[in-house]
Amino acid sequence: MLNFGTKKINFSGLGDSFKLSNEDLENMYGKDATQCFNPKLKDSFVFSESKSFDLIELEQLLQAVGWGRRPLRRVKRALDNSLLKVGLWKHDPKFPRLIGFVRCTGDGVIDATIWDLAIHPVYQGSGLGKQLMTYVMSCLKRTEIKRVTLFADSDVINFYKRQGWKLEPKGNKCAFLYSN
Ligand SMILES: CC(C)(COP(=O)(O)OP(=O)(O)OC[C@H]1O[C@@H](n2cnc3c(N)ncnc32)[C@H](O)[C@@H]1OP(=O)(O)O)[C@@H](O)C(=O)NCCC(=O)NCCS
């Protein structure tokens, strides 16, 4: 069970050694970080919107899911200009490992768009992608933002549909691409 915002964690079946105190959680992963235990993977993970990223580690994650290489200085600028960046770390007291990521762009008031959702292939299929979406939506709900959009690759449309996302209903809007 994950209960966002209250730092409630289900550690059933595990010793207390896996649990971080709220103070340690904040010190390691930043404010509003949430720790959870994944029973399928039998490991502890932390969602955080405030822990900073190692750009090389982030790019390695995004390349692991099959996305192309990007210049790190452009990635850094894109992150700096994003409204919200959320990381998912496999908890380790010394070397937490980034295994999930999602970010949002937007005006901070009316609209936000979700980009770059990725879970490392080794950790896919265990509910973490869904939990990462729940976490990012809980972060957005704390703001004034009224509308959240995303552009799904064709092979993940059902992943979003299962979570209640609806395709643009009347089919009277479509996405255009401009790229230089
Ligand atoms: C898409 C992605 C984030 C899903 O993460 P994940 O951790 O494997 O997904 P979860 O285990 O949380 O799956 C949650 C549910 O969605 C389903 N699901 C997962 N991937 C799916 C897919 N590609 N299509 C349809 N359903 C999918 C699961 O079966 C599960 O169903 P359930 O709730 O009934 O058990 C992950 O596969 C990924 O990083 N893919 C590569 C990058 C990518 O395509 N990102 C999306 C860009 S639009």
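Student: What percentage of the 180 residues of the protein count as buried?

Tutor: In this predicted model, 23% of the 180 residues in the protein count as buried.

Student: How many helices and strands are there, and in what order do the elements run?

Tutor: The protein has five helices and eight strands, and, read from the N terminus, its elements follow the order β-β-α-β-β-α-α-β-β-β-α-β-α. The radius of gyration of the protein is 17 Å, close to the 16 Å that the globule rule gives for 180 residues, so the protein is as compact as a globular protein of that length. Taken along the principal axes, the box filled by the C-alpha atoms is roughly 55 × 35 × 30 Å.

Student: Where contacts join residues at least 6 apart in sequence, what share joins residues at least 24 apart?

Tutor: That share is 53% of such contacts in the protein.

Student: Changing topic, what pLDDT does the protein average?

Tutor: The average pLDDT is 89, and 91% of the residues score at least 70. Over residues 1-9, however, the pLDDT is below 50, and this stretch has 16 contacts in the model beyond near neighbours in sequence. Where pLDDT is low, the predicted coordinates should not be read in detail.

Student: OK, on to the core: how many residues does the largest nonpolar core have?

Tutor: The largest nonpolar core has 29 residues, and those with the most contacts inside it are Phe47, Val86, Leu88, Val102, Leu132 and Val136. At least two residues of this core come from each of α1, β3, β4 (43-48), α2 (55-64), β5 (84-90), β6 (97-106), β7 and α4. In soluble globular proteins, nonpolar side chains tend to be buried together.

Student: Which element gives the most to this core?

Tutor: That is α4, which gives six residues to this core.

Student: And which residues does Leu88 touch?

Tutor: Leaving out residues up to four places away in sequence, Leu88 touches Phe45, Phe47, Ile99, Gly100, Phe101, Leu128 and Leu132.

Student: Now the ligand: which residues around it come nearest?

Tutor: There are 18 residues around the ligand, and Gln124, Gly129, Lys130, Asn158 and Phe159 come nearest among them. The shell draws at least two residues from each of β7 (111-119), α4 (128-141) and α5 (157-161).

Student: How many of the shell residues are nonpolar, polar and charged?

Tutor: By class, the shell around the ligand is made up of eight nonpolar, six polar and four charged residues.

Student: Is Asp54 buried or exposed?

Tutor: Asp54 is exposed, because it has 10 other C-beta atoms within 10 Å. Asp54 is found in the loop between β4 and α2, and its C-alpha atom is separated by 11 Å from that of Gly87, 33 residues apart along the chain.

Student: Last one, where is Ala78 found?

Tutor: Ala78 is found in helix α3 (residues 72-80), and Ala78 counts as partly exposed because it has 15 C-beta neighbours inside 10 Å. The C-alpha atoms of Ala78 and Glu49 are separated by 16 Å, the two residues being 29 residues apart along the chain.

Notes:
Residues numbered from 1 in each chain as written. Predicted model: local features only at pLDDT ≥ 70, side-chain atom pairs only at ≥ 80, totals over all residues. Near = placed C-beta within 6 Å. Helix = DSSP H or I, 4+ residues; strand = E, 2+ residues; numbered from the N terminus. Nonpolar A, V, L, I, M, F, W, Y, C, P; charged D, E, K, R; others polar. Rg over C-alpha atoms; globule rule 2.2 N^0.38 Å. Buried ≥ 20, exposed ≤ 12 C-beta atoms within 10 Å, placed from the backbone. Contact = placed C-beta atoms within 7 Å. pLDDT = per-residue confidence, 0-100. Core = buried A, V, L, I, M, F, W, Y, C linked by C-beta atoms within 7 Å.
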